[in-house]
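Dear colleague,

Please find the structure below, together with its sequence.

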Amino acid sequence: MINDLAQKAKQDFTPGQVVSAEVVPGTADFRFTADNGVVLLVQVITDKILRFRYSTDGYFTPDFSYAFEGGVPARETTALLEFVEKDDHYRLTTGRLICIVGKEGMHVRLLNRSGAVLCEYEKGFHWEYDYESGNDIVKMSQQVQPGVHYFGLGDKPANMNLRGQRFCNWGSDTYGYVKGSDPLYKNIPFFMALHQKLAYGLFFDNSFKSYFDFAAERADVTSFWAHGGEMNFYFIYGPTLLEVTQQYTRCLTGTPELPPLWALGYHQCKWSYYPEKLFRGIGEEFRKRQIPCDALYLDIDYMDGYRCFTWHPEHFPEPKKMVQELANDGFKTIVIIDPGIKIDPQYPVWQQGFENDYFCRRGDGPLMKGSVWPGLCHFPDFTRATVREWWSGLFKGLIEDVGVRGVWNDMNEPAVFEKGTFPDDVRFDYDGNACTHKKAHNVYGMQMARATNEGVKRFAHPNRPFTITRSTYSGGQRYSSGWTGDNVASWEHLWLANIQCQRLSISGFSFIGSDVGGFINTPDGELYVRWVALAAFHPFFRTHSSGDHGDQEPWSFGEEFTDLARHFIELRYRLLPYMYTTFWQYVQHGTPMLRPLAFIDQNDIETYQRMAEFALGDHLLVCPVTQAGADGRWMYLPKGQWYYWWTDEARDGGSEVWAPAGLDRIPLYVRAGAVIPLRPVMQYVEELPVTELTLHVYYKNGKETSTLYDDGGEGYGYQQGQYTLRRYTVTGNATGLKLQQEIEGELTPSWGTCRVVLHGLPLGAELLAVTADGKELAVEVAAAANGGQELPQVVVPAGFAELVVRTA
């Protein structure tokens with residue numbers, strides 16, 4: 001008998017002829033079996049989402065994924081469902097999709113109900129047996145549709161459009177990465193395709209090391225594969241890119257709870273601020289210089305010998321007193337926590353982990369050891385529920401006792417000095433689905449962030465938790481915010497920060513930002529200010545730098561640049577009502593907070609290759625200046641009418657425009673018809689009650705709607721109706737405009753009045769009268785806060801129903 005296992009290990013297998021097809025009783029599951037034992041299970045998740053699972057040996061492993069809140073996706077009952085057999089294929093029809101499964105080789109074609117082909121297999125599913133690991137290398141190849149463009153895949157530092165590129169998902173500590181570096185820290189196996197102005201998404205839910213080839217190796221084939229696990233993916237129909245992201249986020253992987261409002265303020269961080277006198281001095285300098293700031297960070301040097309959950313006895317002898325006194329001045333203290341627990345029999349955290357067997361073990365039983373900042377460490381198995389419970393309880397001292405307000409998880413790819421990560425044979429519980437590091441690596445950081453979030457939430461109550469993570473997997477947005485890792489102080493990295501934050505946002509992870517100014521090396525004042533200007537429009541807004549590369553506070557580059565940094569940070573604080581509303585929309589509807597141009601108007605092919613421009617929420621369009629010495633830039637305006645924020649100049653979209661932008665400006669446009677809420681500048685979000693909100697109303701000859709959400713920005717009263725949701729409708733014509741307000745919710749706002757500032761009234765028109773609910777108002781003409789131009793404005797009660805502006 002010839003032993004041919006080695007040869008078979010290199011052989012590529014494919015499904016055979018389908019010999020049976022059945023509806024699984026009592027479900028919307030459809031099971032196809034081939035003559036060589038391959039099984040395809042098609043599950044209808046919603047009428048626009050289909051799941052495809054392939055088994056190479058006739059049976060499936062237990063259905064479980066960390067991507068979903070409950071381990072499996074929630075499913076909806078579909079109104080229309082039809083399954084028929086034809087001569088050479090089977091046809092499954094939902095209310096929105098047609099799925100054709102060929103009898104030969106299980107080849108799949110997906111169409112919308114109009115018959116347009118959305119996705120079609122090339123070779124389709126195939127696999128290779130890996131003799132060394134015992135896993136199948138599962139593969140999928142699909143035809144490249146004419147004119148297709150690809151988007152998504154998380155934090156990849158590459159061109160926005162993925163076509164022609166190839167990537168790997170294997171979370172890695174990539175210090176000083178550059179454009180094209182791969183892989184990076186996060187593992188989000190979700191991408192979108194757009195062709196013939198129709199969009200769909202594919203979520204390849206497999207936590208093994210995976211690869212994605214977007215027509216790079218072969219121009220007519222896009223493929224993805226993983227070194228283990230199932231070929232298990234979700235097809236998500238749009239037909240718009242925005243709807244694809246919404247469904248991936250809202251229907252599948254989930255959204256976070258609302259953060260505290262202060263988490264959307266400005267944060268200052270450095271590796272490292274110590275001792276206590278220096279740390280306090282940073283806060284004092286912010287307040288003295290009147291630069292708004294809500295959070296200050298402590299990196300690893302606050303600990304005693306880098307032992308997590310400890311304080312350095314000399315650097316920070318009275319942490320509770322320090323944290324409380326900083327809190328009295330409006331600062332929230334955030335501390336770093338890494339996964340490595342120093343091997344030290346005198347260290348209580350290590351003792352507990354060791355005695356309860358909470359640490360990861362090698363394949364033959366010994367505890368896994370790796371060197372990180374404390375030296376040799378053991379590492380908790382965060383894929384065990386009991387370990388997550390233990391870990392969350394460790395935060396009592398930091399959060400409840402000392403008063404720390406947030407926690408920052410780093411090194412959780414997981415990273416190990418000199419080795420990169422854990423050995424492949426390290427074992428994990430995986431919530432009852434035991435596995436090795438090959439499967440658990442890409443979810444380790446996510447599960448650490450989950451355990452951390454549970455602890456912060458438990459001990460911060462009734463306040464809301466705030467956590468940050470460097471590494472994550474699809475669904476990790478439920479537990480944490482994030483940042484783009486160890487970047488560099490360069491103009492290229494400013495460009496990359498813009499791309500990466502957009503890409504993560506459309507990949508379900510909107511609460512994202514970059515290390516402003518760059519973590520490695522030191523920017524000059526111009527680069528720093530340009531970065532602050534961009535980051536003011538990113539959900540997570542933090543300066544962070546490495547201590548061995550010089551100072552990087554807003555005042556570190558001279559008074560001219562201090563004033564400019566203050567200017568953009570103050571703009572962020574004024575825009576907080578808009579930013580918070582955009583976050584609420586993300587939580588409620590799954591809409592990405594940052595949206596590339598193709599997500600604004602995919603019917604305009606001019607948007608497909610654009611990368612610099614992006615929308616924040618529904619109505620603001622931003623385009624950073626990413627070249628030294630520039631006094632503006634060319635940018636593309638989507639179709640419609642737009643106003644330049646700084647001058648109120650009205651421009652028609654559908655073409656490139658020159659946006660003049662010295663260092664005191666960032667190219668910023670407002671959609672015509674928008675209502676942009678602004679609050680007064682404060683040094684921290686709760687410094688004073690907001691007694692008057694300003695509504696900037698932009699004229700449109702037509703109709704536009706806007707939203708404003710408020711719940712006080714802290715606590716959980718909104719879950720019992722303590723919120724207000726205001727819907728504004730602007731309707732304009734040649735003789736004026738009408739602003740209508742509808743209010744939902746029970747919260748009484750702190751402001752009793754609104755100042756309505758009118759922008760863009762018809763050129764040459766004379767303002768005759770403004771009435772609110774039939775009562776005529778006094779009209780002021782005063783300089784608007786955003787640029788100094790004089791504009792008509794009126795003060796109205798916060799609860800007004802209708803405001804009418806009449807012009808000659």
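**Interface of domain 2 and domain 3**

Across the interface of domain 2 and domain 3, zero salt bridges are found; a salt bridge here is a side-chain nitrogen of Lys or Arg within 4 Å of a carboxyl oxygen of Asp or Glu. This is a predicted model, in which local features need pLDDT of at least 70 and side-chain atom pairs count only at pLDDT 80 or more, while totals for chains, interfaces and linings use all residues. Residues are numbered from 1 along each chain as its sequence is written, and side-chain values use heavy atoms, with hydrogens and water left out.

The two domains do make polar contacts: 13 residue pairs, both residues at pLDDT 80 or more, are counted between domain 2 and domain 3. A polar contact is a pair of N or O atoms within 3.5 Å; within protein, one must be able to donate a hydrogen and the other to accept it, and residues adjacent in sequence count only if both atoms are side-chain atoms. On the side of domain 2 that touches domain 3, the elements giving two or more residues are α9 (491–506), α10 (525–535), α11 (559–574) and α12 (576–589). Helices (H or I, at least four residues) and strands (E, at least two) are DSSP runs, numbered from the N terminus. That side of domain 2 comprises 15 nonpolar, six polar and three charged residues; Ala, Val, Leu, Ile, Met, Phe, Trp, Tyr, Cys and Pro count as nonpolar, Asp, Glu, Lys and Arg as charged, and the others, Gly among them, as polar.

In terms of contact (heavy atoms within 4.5 Å), 24 residues of domain 2 meet 26 residues of domain 3. Together the two domains bury about 2,200 Å², 69% of it on carbon and sulfur atoms. Buried area is the accessible area (1.4 Å probe) that two parts lose on being put together, summed over both. Arg530, Phe537 and Tyr578 supply 33% of the area that domain 2 buries against domain 3, more than any other three residues.

For orientation, the chain is divided into domain 1 (5–252), domain 2 (265–589), domain 3 (602–671) and domain 4 (674–807), with bounds from an automatic or database domain assignment.

**Salt bridges elsewhere**

The whole structure holds 51 salt bridges. In one of them, the closest N and O atoms of Asp12 and Lys123 are 2.8 Å apart. Asp12 lies in strand β1 (residues 12–13) and Lys123 in strand β10 (residues 117–129), so the pair ties together parts that are 111 residues apart in sequence.

Asp294 and Lys332 also form a salt bridge, with their closest N and O atoms 2.5 Å apart. Asp294 is in the loop between α3 and β20 (295–298) and Lys332 in strand β21, 38 residues apart. Both Asp294 and Lys332 are buried, where buried means under 20% relative accessible area, exposed over 50% and partly exposed in between (1.4 Å probe, protein chains only).

Glu285 and Arg289 form a salt bridge as well (2.8 Å, N to O). They both lie in helix α3 (residues 276–289), four residues apart, about one turn of the helix.

**A buried serine**

Ser272, in the loop between β19 (266–268) and α3, is buried, with a relative accessible area of 13%. The side chain of Ser272 makes a polar contact with that of Asp301 (2.5 Å).

Yours sincerely
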